[in-house]
Amino acid sequence: MPDYKPEECIYDKSYTCPVCGEPFKAKQVRKGRAKFISNDDDLKPNYTPVQPDYYDVIMCDHCGYAAISSKFDKITLSQQEAIEKEITPLYEKTDYPDVYDVDTAIERYNMALRNCEAKKSKAGEKAYIHLKLAWFCRDKNDKSSEIEHLKLAYSGFNEAFTTEKLPICGLDENTLLYILAATGIEIGYPEESIRILSRLIVKKDLSSRFKQKITLLKDKIKN
Ligand SMILES: [Zn+2]
């Protein structure tokens, strides 16, 4: 695989806004151009030379509607009205660079979070955004903000588990349980993490690679 420059990984994708109906373009990462390097313990993926996660919020630059890509088209009429009333009047168009840095990503995800508040999204969608924001704060070495977002992701996913249908934003039950366990370690609930991992490891549908990750995480708690 050749080494691409960051700008060679990005292209403009066309969208039609489901709220205001206007066409707009948003930056996306070309398939196969970003090279996977590693996962952190909580599955945060690390790529080079661009981070695909940074581009996952699609934002209309006419009305300020913003959402993660898996939720972008899933909006009800009353939610559209809420965006028009609560988001659009305050929205000011921002020119983002072609290649997003971590601060651009944080700004766009925060905008998606404000949209979630306006459209009264379920806990799972907000938790997912907080998880990503925690990961971006990790990229900036901003530990206190990372922990703040991890706590919100943790409580939101816990709530989503009992109130929402899985998968949540593409995360299936096993992945979510694993993320909860990994996040619990970071925010000071190791006993709960051990309980989750013990419940997870006896499941029958796990790949050997995933089982190994669970074992490694368990060992991390013990040390
Ligand atoms: Zn719009």
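How many residues of domain 1 are in contact with how many residues of domain 2?

A: Happy to. One note before we start: this is a predicted model, in which local features need pLDDT of at least 70 and side-chain atom pairs count only at pLDDT 80 or more, while totals for chains, interfaces and linings use all residues. Residues are numbered from 1 along each chain as its sequence is written.

The protein chain is split into domain 1 (1–121) and domain 2 (123–223), with bounds that come from an automatic or database domain assignment. Across the boundary, 16 residues of domain 1 are in contact with 19 residues of domain 2; a contact here means that the C-beta atoms of two residues, placed from the backbone, lie within 7 Å. On the domain 1 side, helix α2 (residues 102–119) gives the most, with seven residues. Helices (H or I, at least four residues) and strands (E, at least two) are DSSP runs, numbered from the N terminus. By class, that side has nine nonpolar, two polar and five charged residues. Here Ala, Val, Leu, Ile, Met, Phe, Trp, Tyr, Cys and Pro count as nonpolar, Asp, Glu, Lys and Arg as charged, and the others, Gly among them, as polar. The centres of the two domains, taken over C-alpha atoms, are 23 Å apart.

The largest nonpolar core has 57 residues, and Y65 and A112 touch the most other members. Such a core is a set of buried Ala, Val, Leu, Ile, Met, Phe, Trp, Tyr and Cys residues joined through C-beta atoms within 7 Å, where buried means that 20 or more other C-beta atoms lie within 10 Å of a residue's own. Elements giving two or more residues to this core include β5 (57–59), β6 (66–68), α2 and α3 (123–139). The largest share, ten residues, comes from α3, and the core draws at least three residues from each of domain 1 and domain 2. Beyond its neighbours within four places in sequence, Y65 is in contact with C17, V19, C60, I83, I87 and N115.

To place this in the whole chain: there are seven helices and six strands, in the order β-β-β-β-β-β-α-α-α-α-α-α-α along the sequence. Buried residues make up 36% of the 223 residues. Of the contacts with a separation of 6 or more, 62% join residues 24 or more positions apart.

Technical notes. A residue is buried if 20 or more other C-beta atoms lie within 10 Å of its own, exposed if 12 or fewer, and partly exposed in between; C-beta atoms are placed from the backbone.
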